[in-house]
Amino acid sequence: MKVAKFGGSSVANAEQIKKVAAIIKADNKRKIVVVSAPGKRYADDAKMTDLLIALAEAKVADQPVEAAFNAVMNRYESIANDLELNRDVIAEIEADLKNRLEQTVTGKGRFLDIMKASGEDNNAKLIAAYLSKIGLKATYINPKDAGLLVSDEPGNAQVLPEAYEALAKLAEIDGIVVFPGFFGFSKLGNLVTFPRGGSDITGAILAAAVQAELYENFTDVDSVYAANPFIVEDPVEIKRMTYREMRELSYAGFSVFHDEALIPAFRNDIPVCVKNTNNPKCSGTLILAERERSLNPIIGIASDEGFATIYVRKYLMNREVGFGRHLLQILEDAGISYEHIPSGIDDTSVIIRQTQLSDQLENAIIERIKEELNVDDVHIEHDFAMVMLVGEGMHNTVGVTARASSALAKAGVNIEMINQGSSEVSLVFGIHSKDTKQAVRVLYEEFFGQKQ
Ligand SMILES: Nc1ncnc2c1ncn2[C@@H]1O[C@H](COP(=O)(O)OP(=O)(O)O)[C@@H](O)[C@H]1O
Ligand SMILES: N[C@@H](CC(=O)OP(=O)(O)O)C(=O)O
């Protein structure tokens with residue numbers, strides 16, 4: 001049995017949904033189908049999830065909701081019309097949306113989750129209706145009925161271990177299961193979404209639960225490339241890579257596959273294949289526990305922006321027992337998670353995602369660090385980017401850091417931080433955001449350029 005997840009670009013309009021149906025038909029092992037909400041049809045189109053967020057925001061702000069409501073319904077109507085579906089489907093979606101809008105829940109996060117999740121939920125109903133119409137036995141299954149239990153943090157759900165046993169029963173359902181991605185339900189019965197892009201996570205959870213022979217992740221590119229195709233022109237395709245490599249790369253900016261989706265797959269040793277809905281004959285990228293060695297120590301180069309550094313200096317910091325713990329405690333109290341902590345003898349930097357900060361919080365953190373740790377200097381710098389080189393071959397190859405740093409130096413990119421990951425498959429450079437694209441391009445040229 002295979003689990004196939006179709007991303008937003010694969011279900012963005014009727015034409016795409018017809019391709020999805022053809023892919024499902026072409027292989028009767030594709031029994032569990034996870035779908036996203038309609039994505040972008042062209043570069044500056046809006047994703048359904050963003051239309052739903054706009055609708056929810058208008059409602060929360062007590063502003064008129066008609067325009068946002070119509071924008072959502074228009075997308076579904078045009079899909080349903082082009083697929084020549086019965087009007088009942090649209091009536092059902094409209095009633096569902098109105099019902100969600102009227103729900104009174106405590107907290108904006110909860111309300112946003114209810115609205116956001118409707119994108120995948122209603123699209124799954126619509127796609128199941130279409131598959132039935134063309135003669136396939138297809139059933140829409142709701143994550144609550146299926147037992148997709150998750151933690152209770154709005155917008156940031158994590159699957160609970162007990163979900164797997166319940167979800168395993170999906171394998172017994174006759175015909176094709178059409179399952180909405182992106183959300184589950186907490187033990188308290190609350191609907192909770194995964195982080196953005198989280199339909200990949202749903203697919204991986206279901207693949208692990210039913211012990212699928214393959215988890216296929218259908219998107220709009222032929223493969224995972226060695227660098228983001230929007231930064232590097234025509235980058236090389238990655239044919240095979242390990243879970244560790246994909247996890248590092250997706251965490252560091254390869255948005256093609258959600259980093260949290262690797263965990264259920266690799267814990268259960270389910271191979272993952274990233275494939276193109278627009279070119280399904282192409283073999284795509286296979287992600288496995290191990291791969292054959294290659295000459296190039298690097299498999300991919302990822303980048304991500306929006307980091308801040310909390311820089312702390314104190315003479316004899318190295319001698320002070322508990323300094324690091326105390327510093328991290330201050331961040332924990334502020335609800336902040338960290339990414340890297342490069343350290344020297346008398347100084348340390350804590351690198352965090354900037355979105356977690358506000359001016360008020362920054363001041364509060366700085367004050368606490370000054371008062372409680374009695375430091376010589378503390379300040380926060382913004383607008384950093386992380387560029388990550390990833391490859392299983394890196395830890396037993398001499399000179400990767402030297403090659404990378406000299407390529408960056410030649411291009412005039414100032415390196416603020418280097419972190420050779422403990423995982424031994426990644427090397428991270430902290431640079432200023434303005435240099436991100438340039439850094440990725442020169443590193444790509446160094447490791448994948450002509451002379452390779
Ligand atoms: N290294 C990479 N390889 C392939 N695609 C990448 C890479 N980095 C970023 N992407 C982007 O990821 C996109 C696919 O992911 P996403 O937009 O989430 O698709 P979906 O709509 O299928 O969920 C591609 O169109 C591409 O722009
Ligand atoms: N629709 C959700 C979840 C998702 O996974 O979407 P996509 O498959 O388009 O990345 C989002 O936009 O975040």
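The text below covers the ligand site, then the pockets, then the cavity.

The model is predicted, so local features need pLDDT of at least 70 and side-chain atom pairs count only at pLDDT 80 or more, while totals for chains, interfaces and linings use all residues. Residues are numbered from 1 along each chain as its sequence is written, chains are lettered from A and ligands numbered from 1 in the order in which they are written, and side-chain values use heavy atoms, with hydrogens and water left out.

**Ligand site**

The residues around ligand 2 (a heavy atom within 4 Å) include Lys5, Lys47, Glu120, Phe182 and Arg196. By class, this shell has one nonpolar, seven polar and four charged residues. In that scheme Ala, Val, Leu, Ile, Met, Phe, Trp, Tyr, Cys and Pro are nonpolar, Asp, Glu, Lys and Arg are charged, and the others, Gly among them, are polar.

| Backbone atom of | Distance to an oxygen atom of ligand 2 |
|---|---|
| Gly197 | 2.8 Å |
| Gly198 | 3.3 Å |
| Ser199 | 2.9 Å |

The protein covers 90% of the 340 Å² of accessible area that ligand 2 has on its own (Shrake-Rupley method, 1.4 Å probe).

**Pockets**

On a 1 Å grid over the protein atoms alone, a pocket is an open set of points with protein on both sides within 12 Å along at least five of seven lines, a cavity is a set where a 1.4 Å probe fits but cannot get out, and lining residues have an atom within 4 Å of a point. Ligand 2 takes up space in the largest pocket (more than half of its atoms lie within 2 Å of the grid points).

The largest pocket has a volume of about 1200 Å³. Of its 41 lining residues, Lys47, Thr219, Asp220, Ser255 and Val256 are the closest to its centre. Strand E7 (214-219) gives three residues, the largest share of this lining.

The second largest pocket holds about 970 Å³. Its lining has 33 residues, and the closest to its centre are Asn156, Pro195, His258, Asp259 and Glu260. Here strand E13 supplies the largest share, four residues.

**Cavity**

There is one cavity of 30 Å³ or more, and the largest cavity contains about 50 Å³ of space. Residues lining the largest cavity include Tyr251, Asp304, His340 and Met388. Strands E13 (300-313), E14 (338-340) and E16 (377-390) each supply at least two residues of that lining, which divides into five nonpolar, one polar and three charged.

Key:
Polar contact = N/O pair within 3.5 Å; in protein donor to acceptor, adjacent residues only side chain to side chain. Points joined across faces, edges and corners; volume = space filled by probe spheres on them.
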